[in-house]
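Have a go at each task before reading its solution.

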Amino acid sequence: MSPSTASSFVPFDGTPQDCEACARGERLGFLFDFAYQPIVDLAQRRLYGHEALVRGPAGESAGQVLAQVNEASRYRFDQACRVKAIKGAAELGLAERLSINFLPNAIYRPEICIRTTLEAARTHGFPVERIIFEVTEGERVEDGPWFAAILREYQRIGFLTAIDDFGAGYAGLKLLSDFQPDLIKLDMDLIRGIDADAPRRHIVNHLVRLCADLGVTVIAEGVETVLERDALIDLGITLMQGYLFARPQFRGGAAVDWATASR
């Protein structure tokens with residue numbers, strides 16, 4: 001089914017429905033795992049959530065894993081990622097929000113394809129309202145209205161939604177005009193050296209004000225220095241993610257360096 005033919009989907013009502021792609025359950029043919037990186041709330045001095053970051057079983061990069069995904073396995077990989085990320089977070093006892101990246105071009109009918117995620121959340125006791133579905137702005141989507149409809153359906157079911165790498169992808173403000181997510185994550189290229197870069201500060205300042213008007217929360221990702229942290233706080237951003245606070249970690253979870261999180 002192509003995205004354009006799936007645009008007029010019916011709302012999810014919890015009724016079991018057959019999904020051939022879910023039922024086949026073929027193996028992917030490669031292994032992957034997840035590392036978890038904290039998102040910190042500097043205003044409240046607490047964890048806001050964790051992002052599940054795909055890695056190889058021996059810590060290989062996300063790029064190496066994604067290079068093994070093709071059109072035939074895209075859907076199964078997307079579904080497997082959701083289940084594995086939720087299971088891993090539950091086993092680690094992560095009590096905050098969990099941000100999971102998903103592949104919009106792997107979704108055919110969101111009201112059916114979301115069933116696997118809902119079942120994983122129930123099985124592992126992870127509340128749906130603490131799950132964030134995060135899509136990178138760099139993912140090229142040919143049918144914008146269909147994509148916005150997917151995100152609206154996820155919101156309606158009770159998930160939080162986020163646009164990742166905002167300011168570096170194909171859609172830009174057009175995507176934000178079609179759909180207002182709960183969160184946007186500013187791309188690290190906008191954050192890098194923002195303390196010494198006036199144009200970057202002006203851009204981020206206006207994005208923060210725009211998002212405030214739209215009721216969208218802003219997260220700065222890729223924060224690596226105290227000076228970047230302070231510049232972002234001055235711009236009104238208090239949710240941050242980056243090596244300054246904690247690197248992604250496997251099984252043991254990542255401990256936040258609250259000394260650098262404090263101003």
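**Exercise 1.** Is Arg229 buried or exposed, and what is its relative accessible area?

*Solution.* Before starting, note that this is a predicted model, in which local features need pLDDT of at least 70 and side-chain atom pairs count only at pLDDT 80 or more, while totals for chains, interfaces and linings use all residues. Residues are numbered from 1 along each chain as its sequence is written, and side-chain values use heavy atoms, with hydrogens and water left out.

Step 1: recall the cut-offs: buried means under 20% relative accessible area, exposed over 50%, and partly exposed in between (1.4 Å probe, protein chains only).
Step 2: Arg229 has a relative accessible area of 4%, so Arg229 is buried.
Step 3: look at its side chain, which makes a polar contact of 2.8 Å with the side chain of Asp230. Such a contact is a pair of N or O atoms within 3.5 Å; within protein, one must be able to donate a hydrogen and the other to accept it, and residues adjacent in sequence count only if both atoms are side-chain atoms.

**Exercise 2.** Find out what covers the buried residues of helix 10.

*Solution.* Step 1: list the buried residues of helix 10 (residues 226-234): Glu228, Arg229, Asp230, Ala231 and Leu232.
Step 1: search for contacts, meaning heavy atoms within 4.5 Å. The cover includes helix 8, strand 7 (217-221), strand 8 (239-241) and helix 11 (258-261).

**Exercise 3.** Work out how the buried residues of helix 5 are arranged around its axis.

*Solution.* Step 1: in helix 5 (residues 115-123), the buried residues are Thr117, Leu118, Ala120 and Ala121.
Step 1: viewed down the helix axis, the buried residues of helix 5 fall within an arc of 160°, so they line one face. The arc is that of the directions from the helix axis to the C-beta atoms.
Step 2: turn to the other side of helix 5, where Arg122 and Thr123 are exposed.
Step 3: after helix 5 comes Gly125, with a positive phi near 65°.

**Exercise 4.** Which residues touch the most other members of the largest nonpolar core?

*Solution.* Step 1: define the core as a set of buried Ala, Val, Leu, Ile, Met, Phe, Trp, Tyr and Cys residues joined through side-chain atoms within 4.5 Å.
Step 1: the largest one has 64 residues, and Phe32, Phe77, Ile184, Leu186 and Phe245 touch the most other members.
Step 2: helix 6 (residues 144-157) gives the largest share of this core, 6 residues.
Step 3: apart from this core lies another, of 8 residues, including Ile39, Tyr48, Leu160 and Ile219.
Step 4: zoom in on Phe77. Beyond its neighbours within four places in sequence, Phe77 contacts Leu28, Phe30, Phe32, Val54, Val65, Leu66, Val69 and Leu103.

**Exercise 5.** Locate Ala196 and relate its position to that of Glu228.

*Solution.* Step 1: Ala196 sits in the loop between helix 8 (188-191) and helix 9 (198-214).
Step 1: with a relative accessible area of 69%, Ala196 is exposed.
Step 2: Ala196 and Glu228 are 32 residues apart in sequence, and their C-alpha atoms are 8.7 Å apart in space.

Note on methods: Helices (H or I, at least four residues) and strands (E, at least two) are DSSP runs, numbered from the N terminus.
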